Protein chains: 2
Amino acid sequence: MEIYSDEYFMNEAFKQAQLAFEEGEIPVGAVVVCNNRIIARAYNQTEKLTDVTAHAEVLAITAASNYLGAKYLKECKLYVTLEPCVMCAGAMYWAQLGEIFFGAEDPVRGFSRLETNLLHPKTKIHRGLMADQSNRLILDFFKELRK
Amino acid sequence: MEIYSDEYFMNEAFKQAQLAFEEGEIPVGAVVVCNNRIIARAYNQTEKLTDVTAHAEVLAITAASNYLGAKYLKECKLYVTLEPCVMCAGAMYWAQLGEIFFGAEDPVRGFSRLETNLLHPKTKIHRGLMADQSNRLILDFFKELRK
C-alpha cells in the first residue's frame, strides 16, 4: 500500500476548501484519515445549510463516525485548512481524535487563543501545515466578497 | 396569547431529557423559544446517531435555524437541562443566541469552568433553573447504568 504524506492529506483538505470557495462559503476544508485512508471529506456549509454548526470539522467528524460506526476516532487524523474554532475543538475533544493537523492560524476565533487546552489530552496537534496556501485562499475569498 | 414562564419552557426541555433517558442516552434536553413559542425541541442522541456532535443543544440550534431559515438566533432563547459543554457553547456563540437558560451545573465539562466567556457577548446567561430536577435525572441515569 502506498503511504501518503501529511502534505498529501492536507492538500485533499485544501481541495475541499476550494469547493467551499466556489460555493460562496468561507473556504475551509477537512478530511479524516484512518489507516492511511481518507474516510471523510467535508467543507464549510454554513450558508448552504443555514446552520452555524455546519463547519467542515463537525461535518467531517460526523461523516467519519458514520463510516466507522464508532463514536470515537482515537486512531484517526483530522486535517483542516484553518485552525479550528472553539465549537470544533469541543467536537474534537469528544471524538478523542488521535491527531489533528491544521494550516493557517485563526488569531480571532481559533481554539488555541484560550489558555486551557480544549482538545483531548491524548490528541496530538500539528500546526501550520500548508498555512500560506490556506491563508491565501481565505484572503482571496474576502477580497472577492468586498467587490 | 398566553405568556409562558421560563419554568414552563425548561419543563419542556426536561421532557426532552426524559425521552433521552428512556432511549439510554445521557439525559439532556433542550428547546429553542422565539416570540414565546417553541420552535425546536431536541435531546441528546450521541448513542443512537453514533455521533459525538449530536448533543441536544447542537440539534436544537440546527432545527431552530432550519425552522426560521436564518443562521442567527438573536431573538431566541435556548433552554437546556444541563450546563452546555465547550462544543455547545461554541455553537451558541456562532448562533448569537439572545438568552440561554440552563439547569444543573456541569463542573467537569461545563463551558463556564473556563475563565474566558465562550458565549457571544450579547447572550444573557441564566443558571440553575430547575437544577435539582435535572441533576436527579442524570444521577438516576448513571445509577441505572451501573446496575
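Trainee: In this predicted model, is A:Ile26 buried, partly exposed or exposed?

Mentor: The relative accessibility of A:Ile26 is 37%. Buried requires under 20% and exposed requires over 50%, with partly exposed in between. A:Ile26 therefore counts as partly exposed.

Trainee: Where in chain A does A:Ile26 lie, and which residues make a nonpolar surface patch with A:Ile26?

Mentor: A:Ile26 is placed in the loop between α1 (6-22) and β1 (29-34) of chain A. The nonpolar patch to which A:Ile26 contributes covers about 260 Å² of surface.

Trainee: Which residues does UniProt list for "binding site", and what is the largest C-alpha distance?

Mentor: The unreviewed UniProt entry lists A:His55, A:Cys85 and A:Cys88 under that term. These residues are spread over 34 residues of sequence, yet they cluster in space. Their largest C-alpha distance is 9.2 Å.

Trainee: Is A:His55 buried or exposed?

Mentor: A:His55 belongs to the loop between β2 (37-43) and α2 (56-68) of chain A. Its relative accessible area is 14%, and the cut-off for a buried residue is under 20%. A:His55 is therefore buried.

Trainee: Which residue of chain B does A:His55 touch?

Mentor: Residues up to four places away in sequence are not counted here. Within chain A, A:His55 touches A:Asn44, A:Thr46, A:Cys85, A:Met87 and A:Cys88. From chain B, the residue touched is B:Trp94.

Trainee: What is the relative accessibility of A:Cys88, and which residues does A:Cys88 touch?

Mentor: A:Cys88 is situated in helix α3 (residues 86-95) of chain A. With a relative accessibility of 0%, A:Cys88 counts as buried. Leaving aside residues up to four places away in sequence, the residues touched by A:Cys88 are A:His55, A:Glu57 and A:Val58.

Trainee: Which residues of chain A lose the most area to chain B?

Mentor: The contact involves 27 residues of chain A and 27 residues of chain B. The two chains bury about 2,300 Å² between them, with 70% of it on carbon and sulfur atoms. On the chain A side, three residues together account for 28% of what that side buries: A:Val52, A:Lys71 and A:Trp94.

Trainee: With which residue does A:Lys71 form a salt bridge?

Mentor: The rule finds 2 salt bridges across the interface of chain A and chain B. In the salt bridge of A:Lys71, the closest N and O atoms are 2.7 Å apart, and the cut-off is within 4 Å. The partner of A:Lys71 is B:Glu47.

Definitions and conventions. Residues are numbered from 1 along each chain as its sequence is written. Chains are lettered from A and ligands numbered from 1 in the order in which they are written. This is a predicted model: local features need pLDDT of at least 70, side-chain atom pairs count only at pLDDT 80 or more; totals for chains, interfaces and linings use all residues. Side-chain values use heavy atoms; hydrogens and water are left out. UniProt positions are given in the numbering used here, feature names are shortened, and annotations may be inferred rather than shown by experiment. Helices (H or I, at least four residues) and strands (E, at least two) are DSSP runs, numbered from the N terminus. Buried means under 20% relative accessible area, exposed over 50%, partly exposed in between (1.4 Å probe, protein chains only). Contact means heavy atoms within 4.5 Å. Patches are made of residues with over 30% relative accessible area and no salt bridge: like charges are joined within 9 Å, nonpolar side chains (Val, Leu, Ile, Met, Phe, Trp, Tyr) within 5 Å. Accessible areas come from the Shrake-Rupley method with a 1.4 Å probe; for residues, only the protein chains shown count as cover. A salt bridge is a side-chain nitrogen of Lys or Arg within 4 Å of a carboxyl oxygen of Asp or Glu. Buried area is the accessible area (1.4 Å probe) that two parts lose on being put together, summed over both.
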